[in-house]
Amino acid sequence: MTDAAGHIGAEAGSRSAGLWAAFWNGSAGPVLLIVAAIVLFWYAAAIWMNAPWQNQLNSRAGTEVSTIEFIGQTWSQKKPKLPAPHQIAGEIWQATVMTNISSRRSLAYHSWVTLSATLLGFAFGTLLGVGLAVIIIHNDASDRSLMPWIIASQTVPILAIAPMIVVGLGAVGITGLFPKALISTYLSFFPVVVGMVKGLRSPDAIELDLMRTYNASAFQVFAKLRWPSSMPYLFASMRVGIAISLIGAVVGELSNAAGGGLGVRLLTGSYNGQTIQIWAALLLAAALAAILVFAVGLAERLVNSMMGVRA
């Protein structure tokens, strides 16, 4: 019986060790380790940054507290310089799950406003980028004339362009989602057009010569050779474009506080000194960008499987 119990215990220990090894050798273990390190550093930084103000509050109140109580005070200030992670998590929970989604105080409502402008601008930017790339690779004059202007367009700071677009379109009665989507389009089309130009030109000369040998038309060369060859470049560009499109939507919202969105939450939080609200909106925007990039990755896998490409 003792030998059997020892054998079972050894087998359970071996399985447990194998599970831990698989966990840490996979992708989840290192990511969780980095997240834990960031959270610990964040809590330590919150103590350091919030301590001066807390010392002033305690001095004015004439109270002396222990170190543990002082640390807890730095993590529970109403308007801290750096909110603790649990304060931000509580704000996100309160402003999403515990608040009516149709309320202007709901982060879910503002996230949807930002997401709508992001997706619309990303769709416009992708279509514009692909269209310009097709024109550029089929026309040398367009290549020489368009590409310099496309590159130069990205040298103008978006913070300078966004108010001009929002105010200019508002003057002619165009408000709401479209101006923000236009700003997202301005940012997102550039990586797509650059990536697609490279992708559509990626087939080797011998492959193009083979298509000419088959007497393929220009459309057949495009549809059967250039377009499939450009897919990896397209999705790589779309990953960058969707993230930049979200930034464009947020920047556009900073210029139009009446329209709502995560940018508006950042702006109002800044005006009122609500750092917890600022960080909650910021982290929610980052999570939204991560989800969108992940969705583009899923779309790439789907397209690759339909085209018979092995991962």
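Me: How are the axes and angles of helices defined here?
Reply: Axes are lines fitted to C-alpha atoms, for helices over the stretch in contact, and angles run from 0 to 180 degrees between N-to-C directions. The model is predicted, with local features requiring pLDDT of at least 70, side-chain atom pairs counting only at pLDDT 80 or more, and totals for chains, interfaces and linings using all residues. Residues are numbered from 1 along each chain as its sequence is written, and side-chain values use heavy atoms, leaving out hydrogens and water.

Me: Why is H5 called oblique to H6?
Reply: The axes of helix H5 (residues 107–138) and helix H6 (residues 140–153) come within 6 Å and cross at roughly 135°. Angles under 35 degrees count as roughly parallel, over 145 as roughly antiparallel, 65 to 115 as roughly perpendicular and the rest as oblique. H5 is therefore oblique to H6.

Me: Which residues of H5 make the contact with H6?
Reply: Leu132, Ile135, Ile136 and His138 of H5 meet Asp140, Ser142, Asp143, Leu146, Met147 and Ile150 of H6 (contact means heavy atoms within 4.5 Å).

Me: Why is Thr74 called buried?
Reply: Buried means under 20% relative accessible area, exposed over 50%, and partly exposed in between, with a 1.4 Å probe and protein chains only. Thr74 has a relative accessible area of 0% and is therefore buried. Thr74 lies in helix H3 (residues 67–74) and, leaving aside residues up to four places away in sequence, touches Ala46, Ile47, Asn50, Ala51 and Gln54.

Me: What share of the protein chain counts as buried?
Reply: The share is 37% of the 311 residues.

Definitions and conventions: Helix = DSSP H or I, 4+ residues; strand = E, 2+ residues; numbered from the N terminus.
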